[in-house]
Amino acid sequence: MRNDDHTTPFEQELGALLRQTGGGFEPDPARLTEAGLRRGRARVFRRRAGVMGGAAAVALLSVGAVQLTGGGSGTPVADGVPQSREDMVETLSGMLPGGIEILASEATSPLGAEEPGIYLQLGDSTPGDATLGVMIHRWAMEGWEDSLGCMVPDSDGYRCAEEELPDGSVLTRTREDWLGEDEELESRHWMAMLEVPDGNADASWSRTVTVGFEKEMTDLDDPDGYQPLIDQDQLAEIATAPVWQEVFDLLDETYGTPDIDTGPELIDVAPEVLRDLFRSLAPGRLDITEDVQQPSGPGEIYLVVDDGQGPGYVSVMLWEPYDIYGPYEPGWEDPVEEWEEDEYCGSEPLADGVRLDYCDLGPSADDPVGVWTVSLYLPDGASMDITVSNTAGIDDPDAPTRSDSPLTMDELRELASAPEWRDLFR
């Protein structure tokens, strides 16, 4: 799995939407073609699991550090339910195998964050940082139980195994390689994730404990010979420790049970308006027809477009503001000035705090179906997605009709940037 230095808002939102899809939120199939869903699920799985690497560690750093040293089986565990940052670090430290040195530690308190976490930097005799993290997360989605365990098939650099425990919980173990821009192994991640029903037979939420160990591999002479400081069985022991369920009880007590997330809502604009606008803005060479298999509705249209080289499938969706994505702050990262062939996604600021993000997930040797997406983000959190695939519709999403998109990325970006779309949100 590629590990870019940062993600664009589009990637974050795509991950959230796909996470909901995997968690039981049932969008119309054209929201993301099946090919796009397959491509995105690895990222979604990590997002759902809350693996403690990169961005998650930075998030904890931003709320303040708790510096402790030591570790190993002799480290005392905090008495009772851990409530402070110090308690959280001490609790995790006390679960480590003996002899492991803790170089630095960060944590968030369950009294200060609805999704508390712990991050430890560990001493290792081999080159490269070694980190351990725990994330505590509550999911509230209809049908969440349908997506427990492995969501992504095994592939080169990725392995997943799951088991159902006697109480109905599911314990998942993964190992995943993250690659740098040169496609060389950058880091390896081992994870154990416990997903627990909340105990109510009618519940719509689960409790998720994710324990991840990450090792930088770039300076190792023999990456495949590296043995993690904490193996997956030990990660599983940490994930299944009863104390984390006590932390969940504290979270329920402090914040209440989570509301069911039904996902973002489409804006109330007639599909005829969207269809006419798309036709007026699209390149004149395209023959545009409505997809008869997937009815359009308010805020969404599904089209078949053909430039004479074969049909492609297009969906356009306009979304009301949705706070799961958090506040959007223009300029939070450097814009991508030009599209580069070795990048999947890019982002550029537009006028008045609007941002345009785009992703090119074209066909590959392993998957002949491509997905090209542009997303427009407004400052209030409203957004628009235009997704193109090289298929003729949702009836057979795995059957490509051509090797490329009927619209180029430049054409998609120009189309989505048109101010007429923004006028529809007013």
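Predicted model: local features only at pLDDT ≥ 70, side-chain atom pairs only at ≥ 80, totals over all residues.

Student: In which sense do β9 and β10 pair, and over how many bridges?

Tutor: Strand β9, residues 300-306, pairs with β10 in the antiparallel sense, over seven bridges.

Student: And which residue in β10 is the bridge partner of D306?

Tutor: The bridge partner of D306 is P311 in β10.

Student: What about β14, how does that strand pair with β10?

Tutor: β14, which covers residues 383-389, also pairs with β10 in the antiparallel sense, over seven bridges, and there V314 has V388 of β14 as its bridge partner.

Student: Why is β10 described as largely enclosed?

Tutor: Of the nine residues in β10, residues 311-319, eight are buried, so the strand is largely enclosed by the rest of the structure.

Student: Changing topic, which residues touch the most other members of the largest nonpolar core?

Tutor: That core has 37 residues, and those touching the most other members are L96, I118, L120, L122, L132, V134 and W244. The elements that each supply at least two residues of this core include the helices α4 (85-93) and α6 (243-255), along with strands such as β2 (117-122) and β3 (130-140).

Student: Take L122, then: what does that residue touch?

Tutor: Leaving aside residues up to four places away in sequence, L122 touches L96, I100, E101, I102, L103, A130, L132, F213, L229 and I230.

Student: Which residues does the second core include?

Tutor: The second core is separate and has 32 residues, among them I267, L303, Y358 and L407.

How values were computed
Residues numbered from 1 in each chain as written. Heavy atoms only, no water. Core = buried A, V, L, I, M, F, W, Y, C linked by side-chain atoms within 4.5 Å. Buried < 20%, exposed > 50% of the residue type's maximum accessible area, 1.4 Å probe, protein only. Helix = DSSP H or I, 4+ residues; strand = E, 2+ residues; numbered from the N terminus. Contact = heavy atoms within 4.5 Å. Pairing = 2+ DSSP bridges.
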